[in-house]
Amino acid sequence: MSQQYALEVINVSKSFPGVKALQSVNLKVRKGSIHALMGENGAGKSTLMKILYGIYKKDKGQILLNKKPYRATNTIEAIREGISMIPQEISPVPNLDIASNIFLGQEYTTGKILPLLDKKKIYSKTRELLEALHINLNPKLMMHEVSIANAQLIAIATAVSYNTNLVIMDEPTSALTEQEVEHLFQIIRDLKEKRNISIIYISHKIDEIFSICDEVSVLRDGSFVGSDDIKNIDKQRLISMMVGRSMKDFFHKETTSIGNVLLSVRNFSLTSKFKNISFDLKRGEILGIAGLMGAGRTELMESIFGYSPADTGETYIKGNHISIRSPSDAINQGLGFVTEDRKLTGIFQDLSITDNMIMPDIQHYIKIGLLNKKIIKENCQKQKVSLKIKTPSLQQLIKNLSGGNQQKVLISRWLLIEPDILILDEPTRGIDVGAKAEIHRLIGKLAKSGKAIIMVSSEMPEILSISDRILVMHEGTLSGELLRKDATQEKILKLATGETI
Amino acid sequence: MNTDKETNNTPRRLHNKTKQLLNKYGIVFVLIGICILLTILTPSFLTTRNLTNVIRQVSIIGILAIGVTFAIITTGIDLSSGSVLALVGVVVASLSQTHLAEGQPIGFIMPILFSVFIGLALGSLLGSINGVLHAYGKIPAFIATLGMMTVARGFALFYTAGRPIGNLKETFTFIGGGSLLGIAIPIWVYASVGFISWVLLSKARFGRHVFAIGGNMQAARMCGINIEHVLVKVYAYAGLLSAISGILLAARTAAGNPTYGLAYELDAIASTVIGGTSLAGGIGSIPLCVVGALIIGVINNGMDLLGVNPYWQQIVKGFIIVLAVLLDSQKQGKKQ
């Protein structure tokens, strides 16, 4: 590791409408070092990496790459300048072989006049590259026959083929076995020692950080917390750097009386998503589900709701064993589900607010075979008033509303079926502070009225302030349960990263 | 949303309203424009006889187009409508002859009401096969209906040994040639199909499900909609409408011909698309689909009246289809 910096990020800021994603962030990565970047979900790691990779533009600040100003405005420029990124979920072209994937977009050709592919050169270069990195794979192997771990290594080989100075790795080990991780680490160390390449290593796995990284920087809520040599730091300190947030925005929760068990989930398993999950949900209770991204929280909720039914496991509602094999079964049993991704699984963007609201329960509004506009309007109007949905008209297309108002419409959609159990997956993601507070208040009110609520959230303050009880998931299993009075950010984070408390 | 500010600014609000109207119903103005142009260019265009004639001609493809509109809104397509029309046409014709033709391989004669019913049932059945293949077999609608297009045409040719079936009962040909209260029966049928389809699509639960599936299939599933069920119904309905068209065409020409309806599916798709239905799904309207069919019909008729070379007619029609969709995609692009 040299004393010179390969990358210097100085006071970089970035805002999105309604959110300050980064505020004067600093990051200094030495040449030939492995630099860990840590922080909770939403701390700003991804935003910063996307700026480095030319996907986002910074609002303010300066970035130096090898002492020269760096300002890539797209990924091609970023690669040309010497920064490459290996995303968490790599997406190679499955029907091309390894060599073609590595040289995709930078193919060797036979000549200027007749630019045919120079396959010989592509294969020999690939062989060279793979040998140099100790990757034992045939360049002619089709990509869809390659394991995830090897695809990861091929992505590294691709980065090396670009003559890169700096590689960003986002959770590279999230889908690997222990042995595969060891092989990956060997290759990463090679990059650093033999090629003097710098690596920004993003991971939630704290043990990994200590075994491979030289230095660590921590972001929290879009701000730079600190940076240090890995030898000067221990796990405790790292966790406290990540979570040490002031709790000023906390929502004040009213105490509600918690009733009988309404929903019981027993031994739910779904291959490669989650296994052996059991829990109870009581009337009037808000059950928070915490965990890191990819812990299987959303998948579990989708299984409970019948969207992708579990392989094994039973569901009981009010003590009766019931089978939920599709969302319509779930709806008939009094479940509602506000999904995580509004655009992908929530809104019908070319339909009006009313149409979006009544969709799960249209039969309710039919009179002699036709939709009864009057009843629809009355019901939707009530929701509009009680949830304070800001729109000039209920006939407005939902795509014209702000994110917060769209979210309120989606919550209304499920309130209209008068569910006993409401699942909310990241209910306040990407919406502004005001709407967030309103939604938090609404969730409290719903619980008080006797509904049972499951709330998946990656935001610590949200989950800590609203939940009566918190389940923490880690890599597809339940790693712990915390009561409201015992829960702290440190405990949740420990459970979420697979530590014990 | 800056509607509040605009309430004080009447001229601009009016301007915006006109713009909205133009955006939404621009295609109606195009139709009116073409009609005005043709009225000026040729004296015989704006006569009751000619206009009735145009609408009667349009009704066949217009009815197919309505079925196709449903399929396209769900992000699908129906390529089999022209062939289903032909197969139903020959089957119904063979059942409606005054006497059995010599050498006819299969066949018997029955009361018109029954033969029409059998035709409608056959169309719905073929359509629902499309639907099952697409929804449950997970075959793209393009392929499922392409297969049906070939198979149905083949059956029509096989059934008639390639020859048209004539000598149809007068009670049957009345369906195509007769009129009620001075209006041709095909026009009555087209209007009824249009009205019922409009109600189905805009006023009933079925239509909301159709839009939901086309707009966001995953969200539709989350809302508990049985997507496969709805899709089968959509294609069965399209098959039923193809059957209605087939019966009308056979009755009007007093013959069942296995080569009827060749490439009609393409005109039907063109009408739908000119009517603003998005091939990406989730957007579409029955009244505008009718307008789209009328535009194609009026252009065909106008060029005939003007004595335009038939080859040129094809070229012009092709340009108009592409132009209409191009305008629409520009409009969509600006919104984003």
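Okay, let's start with confidence: chain A has a mean pLDDT of 88, and 96% of its residues reach 70 or more. That score is the predictor's confidence in each residue, running from 0 to 100. So, some housekeeping on the model and its labels. This is a predicted model, where local features need pLDDT of at least 70 and side-chain atom pairs count only at pLDDT 80 or more, while totals for chains, interfaces and linings use all residues. Residues are numbered from 1 along each chain as its sequence is written, and chains are lettered from A and ligands numbered from 1 in the order in which they are written.

There's one stretch to treat separately. Over residues 246-250 of chain A, pLDDT stays under 50, and the model has 4 contacts there beyond four places in sequence. By contact I mean two residues whose C-beta atoms, placed from the backbone, lie within 7 Å.

Now the overall picture. Chain A has 17 helices and 22 strands; these are DSSP runs numbered from the N terminus, with helices being H or I of at least four residues and strands being E of at least two. Its radius of gyration is 25 Å, close to the 23 Å the globule rule gives for 501 residues, so chain A is as compact as a globular protein of that length. The radius is taken over C-alpha atoms, and the rule is 2.2 Å times the number of residues to the power 0.38. Along its principal axes, the C-alpha trace spans about 75 × 55 × 45 Å.

How is chain A divided up? There's domain 1 (5-92 + 146-243), domain 2 (256-334 + 422-501) and domain 3 (341-418), with bounds from an automatic or database domain assignment. The centres of domains 1 and 2 of chain A, over C-alpha atoms, are 31 Å apart. Where they touch, 12 residues of domain 1 of chain A contact 12 residues of domain 2 of chain A. On the domain 1 side, helix α8 (residues 235-243) of chain A gives the most, with 4 residues.

Let's look at a strand. In β21 (residues 469-474) of chain A, 5 of the 6 residues are buried, buried being 20 or more other C-beta atoms within 10 Å of a residue's own, against 12 or fewer for exposed and partly exposed in between, with C-beta atoms placed from the backbone. β21(A) pairs in the parallel sense with β13 (residues 286-291) of chain A over 5 bridges; pairing needs at least two DSSP bridges. Within that, Ile470(A) is the bridge partner of Gly288(A). β21(A) also runs antiparallel to β22 (residues 477-483) of chain A, joined by 6 bridges. The hairpin of β21(A) and β22(A) has 2 residues between the strands, and Glu475(A) takes a positive phi near 45° there.

Next, Gly346(A), which sits in helix α11 (residues 342-346) of chain A. Buried or exposed? Buried, because 25 other C-beta atoms lie within 10 Å. Leaving aside neighbours within four places in sequence, Gly346(A) contacts Thr339(A), Asp341(A), Leu410(A) and, across in the other chain, Ala219(B).

Which brings us to chain B. Here 19 residues of chain B are in contact with 24 residues of chain A. On the chain B side, α9 (205-215) and α10 (217-222) each supply at least two residues, and α9(B) has the largest share, with 5. That side divides into 8 nonpolar, 7 polar and 4 charged residues. For those classes, Ala, Val, Leu, Ile, Met, Phe, Trp, Tyr, Cys and Pro count as nonpolar, Asp, Glu, Lys and Arg as charged, and the others, Gly among them, as polar.
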